[in-house]
Amino acid sequence: IARERLNEVTIGFASGFGIKARFQNPSMPIPTYPGTASSVAGRSTYKYNDGYVDQAGDTGYSWKDSGRTYYETWDWSYENASQHLGNGVFVFTHDQSTLTNSTLQGEAAGLTPGLHISYRRELRSDEGISLGYLAGIEIHRINIDSSSEFNGKYYQTKDYFQLKDPTNIPNAPYKGTLGGFGLSNVYGRRDVTEGYVDTLRKNTLEGNLFVLKTGIDFRYYFEQGMSIQAAIGIVYAPFLYDYSFRDSLQMAANSPEIVYASGETSEYQAIFGSFFHVKWAFAFNDNWGAYIGFRHMHMDKVKLEVEEDRWTELNFRNSLFLDSGVTYLW
């Protein structure tokens, strides 16, 4: 049955396995301490884990304490009441880990779900053999997470700032406003502690892979309504993805993570390749049928540039897709 039909539409699910990614993370050199001008051109803000102090908020007022002249800034913030050490002195903390070498992490995606629809036109048939032209489109959701832990050297910086009026203390958390509490615009003392700590690096790649494909297939009908199908063709696959990274450290096993570097980007990448599939199909009646099969998409490795020394490589070379669905012939 269904052999005299020349046109066929298939709709179904595609479950992918074996898609892999490698994440290149840059080395982390000895840190630039908070507020150091060489870190960012024109930088005027001391940024910490628990607040900031912006020199650009200079009000023009000054005062002397222990023989040193301080200039007042209104643009500062702090988060915890414990940062006030008394007598108007506030402490701010900045943590950063370092790794001498860059790190390369590899991870495979789990199940990659997808949907596909395709059209076939029979070009030639002879008894139990059929040759046809294929065209189709599909979409897959790819999600790959990678987490690694390293032992790195850390630097903890503590900077101490003086409040202009030590008798009037703002409650935590506090963020300054023009005309608010004045704090010294530079630190009066800096303590740096060095040691070793667990450094955590996390990368996430997720996106939608759209696949446009065309090719030819060969079918052999070994029983009425049943066939073995083999197809080969080319694919063009736009990939719209989101990438994010997070570098953090953990001072002790049960302490919270301290994030000191993070970022994200959304990009588009075009991928070219080929496909090969094998299916078993059977007909319910003259118009309707079903199928199940395996497919491989052989596509170029894709290097997704994030920063100059941070990138991700996506690899489909060992991927395999399980296809299933229904067909309609006319």
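## A strand-built protein, residue by residue

In this predicted model, Asn87 has a relative accessibility of 66%, so it counts as exposed, the cut-off being over 50%.

**The overall picture**

- The protein has 21 strands and zero helices.
- Its radius of gyration is 31 Å, while the globule rule gives 20 Å for 330 residues, so the protein is more spread out than a compact globule.
- Along the principal axes, the C-alpha atoms fill a box of roughly 105 × 40 × 35 Å.

**Surface and charge**

- Buried residues account for 44% of the 330 in the protein.
- The protein exposes about 16700 Å², and 54% of that area is supplied by carbon and sulfur atoms.
- There are 29 positive and 38 negative charges, and their mean positions are 3 Å apart.

- Asn87 sits in the loop between strand 8 (84-86) and strand 9 (89-98).
- Although Asn87 is not a glycine, its phi is positive, at about 55 degrees.
- Gln162 belongs to strand 12, which covers residues 129-162.
- With a relative accessibility of 12%, Gln162 falls under the 20% cut-off and therefore counts as buried.
- Beyond its neighbours within four places in sequence, Gln162 is in contact with Trp63, Asp65, Asn87, Gly88, Val89, Leu183 and Ser184.

**Leu131, also in strand 12**

- Leu131 is another residue of strand 12.
- Its relative accessible area is 35%, so Leu131 is partly exposed.
- Setting aside neighbours within four places in sequence, Leu131 is in contact with Arg120, Arg121, Glu122, Leu123, Arg124 and Asp217.
- Leu131 and Ser77 are 54 residues apart in sequence, and their C-alpha atoms are 72 Å apart in space.

**Loops on either side of strand 12**

- Glu127 lies in the loop between strand 11 (114-126) and strand 12.
- Glu127 has a positive phi of about 55 degrees, although it is not a glycine.
- At 71% relative accessibility, Glu127 counts as exposed.
- Pro173 is found in the loop between strand 12 and strand 13 (174-175).
- The peptide bond leading from Ala172 to Pro173 is cis, with omega near -10 degrees.

Definitions and conventions:
Residues numbered from 1 in each chain as written. Predicted model: local features only at pLDDT ≥ 70, side-chain atom pairs only at ≥ 80, totals over all residues. Heavy atoms only, no water. Helix = DSSP H or I, 4+ residues; strand = E, 2+ residues; numbered from the N terminus. Rg over C-alpha atoms; globule rule 2.2 N^0.38 Å. Buried < 20%, exposed > 50% of the residue type's maximum accessible area, 1.4 Å probe, protein only. Areas by Shrake-Rupley, 256 points an atom, 1.4 Å probe, with all protein chains shown as cover. Lys, Arg positive; Asp, Glu negative; His and termini not counted. Charge placed at Lys NZ, Arg CZ, Asp CG, Glu CD. Contact = heavy atoms within 4.5 Å.
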